[in-house]
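Dear colleague,

Please find below the structure that I am handing over to you, with its sequence. My findings follow directly after it.

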Amino acid sequence: MPGTASTPAAKVTPLHWVRAVGNAVNLSTALGLAVAAAGRSSLRRGPQALVVAEDYRLPLPRAGAFTVGNVVLVPHGSLSAVELRQPGTLAHEAAHSWQYFWCLGLPFLPLYAVASGWSWLRRGDPASGNWFERNAGLARGGYAERPVTNAGLRRIARALHLAA
């Protein structure tokens, strides 16, 4: 498989095919392709048996790239441009693809939402305390490590005191 401009061509291994077939069977790749179609993305075969959907046009989510199943979606540009700005993005997104596989597909979405909420409560942002983002590599995904400050919990407490 050819790689992106900043990613060397990677051999597709049997494990990549296991992930691709698993994510097809668990329907997460079908959802990814539907999201890509809704966002009027251009599809191409990517490295590691991934599908790359470039020029995604919907406003959400706001990210340099995001993954649904075996589909890496890139808003308003190409994967190679994102890799130039944020080296390691492909590896980060490939890790998310494995997470869909291990969560048996669509259960990944509510699990990710809960992990994002927990991160926001503890650290004030949805990524730095999110197990899925930490497992995929915070720095590779362009996320900063933030300390545990209970920022979200404090914000809720302040809001409740103002309402009382």
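Beyond its neighbours within four places in sequence, Cys-103 is in contact with Phe-108, Leu-111 and Phe-132. Please note that this is a predicted model. Cys-103 sits in the loop that runs between helix H4 (89-102) and helix H5 (108-123). Is Cys-103 buried or exposed? Its relative accessibility is 17%, and because buried means under 20%, Cys-103 counts as buried. Asn-26 is 77 residues away from Cys-103 along the chain, yet the C-alpha atoms of the two are separated by 9.3 Å.

The largest pocket holds about 590 Å³ of space. Of the 28 residues lining this pocket, Ala-63, Ala-65, Phe-66, Tyr-112 and Tyr-143 are the closest to its centre. Which elements each supply at least two residues of the lining? They are strand E3 (66-68), H4 and H5. H4 provides the largest share of the lining, with five residues.

On the surface, a nonpolar patch is formed by Leu-27, Leu-31, Leu-106 and Leu-109, which together have about 310 Å² of accessible area. One of these residues, Leu-31, belongs to helix H2 (residues 28-38). With a relative accessible area of 31%, Leu-31 is partly exposed.

Most residues other than glycine have a negative phi, and most peptide bonds are trans. Where does a cis peptide bond occur in this model? Such a bond joins Leu-60 and Pro-61, with omega at about -5°. Pro-61 is located in the loop between strand E2 (51-56) and E3.

Leu-27, already mentioned as part of the nonpolar patch, has a positive phi, near 75°, although the residue is not a glycine. Leu-27 lies in the loop between helix H1 (14-25) and H2. Asn-150, which is likewise not a glycine, has a positive phi of about 60°. The loop between helix H6 (131-136) and helix H7 (151-163) contains Asn-150.

With kind regards

Note on methods
Residues are numbered from 1 along each chain as its sequence is written. This is a predicted model: local features need pLDDT of at least 70, side-chain atom pairs count only at pLDDT 80 or more; totals for chains, interfaces and linings use all residues. Side-chain values use heavy atoms; hydrogens and water are left out. Patches are made of residues with over 30% relative accessible area and no salt bridge: like charges are joined within 9 Å, nonpolar side chains (Val, Leu, Ile, Met, Phe, Trp, Tyr) within 5 Å. Accessible areas come from the Shrake-Rupley method with a 1.4 Å probe; for residues, only the protein chains shown count as cover. A salt bridge is a side-chain nitrogen of Lys or Arg within 4 Å of a carboxyl oxygen of Asp or Glu. Helices (H or I, at least four residues) and strands (E, at least two) are DSSP runs, numbered from the N terminus. Buried means under 20% relative accessible area, exposed over 50%, partly exposed in between (1.4 Å probe, protein chains only). Contact means heavy atoms within 4.5 Å. On a 1 Å grid over the protein atoms alone, a cavity is a set of points where a 1.4 Å probe fits but cannot get out, and a pocket is an open set with protein on both sides within 12 Å along at least five of seven lines; lining residues have an atom within 4 Å of a point. Grid points are joined across faces, edges and corners, and a volume is the space filled by probe spheres set on the points.
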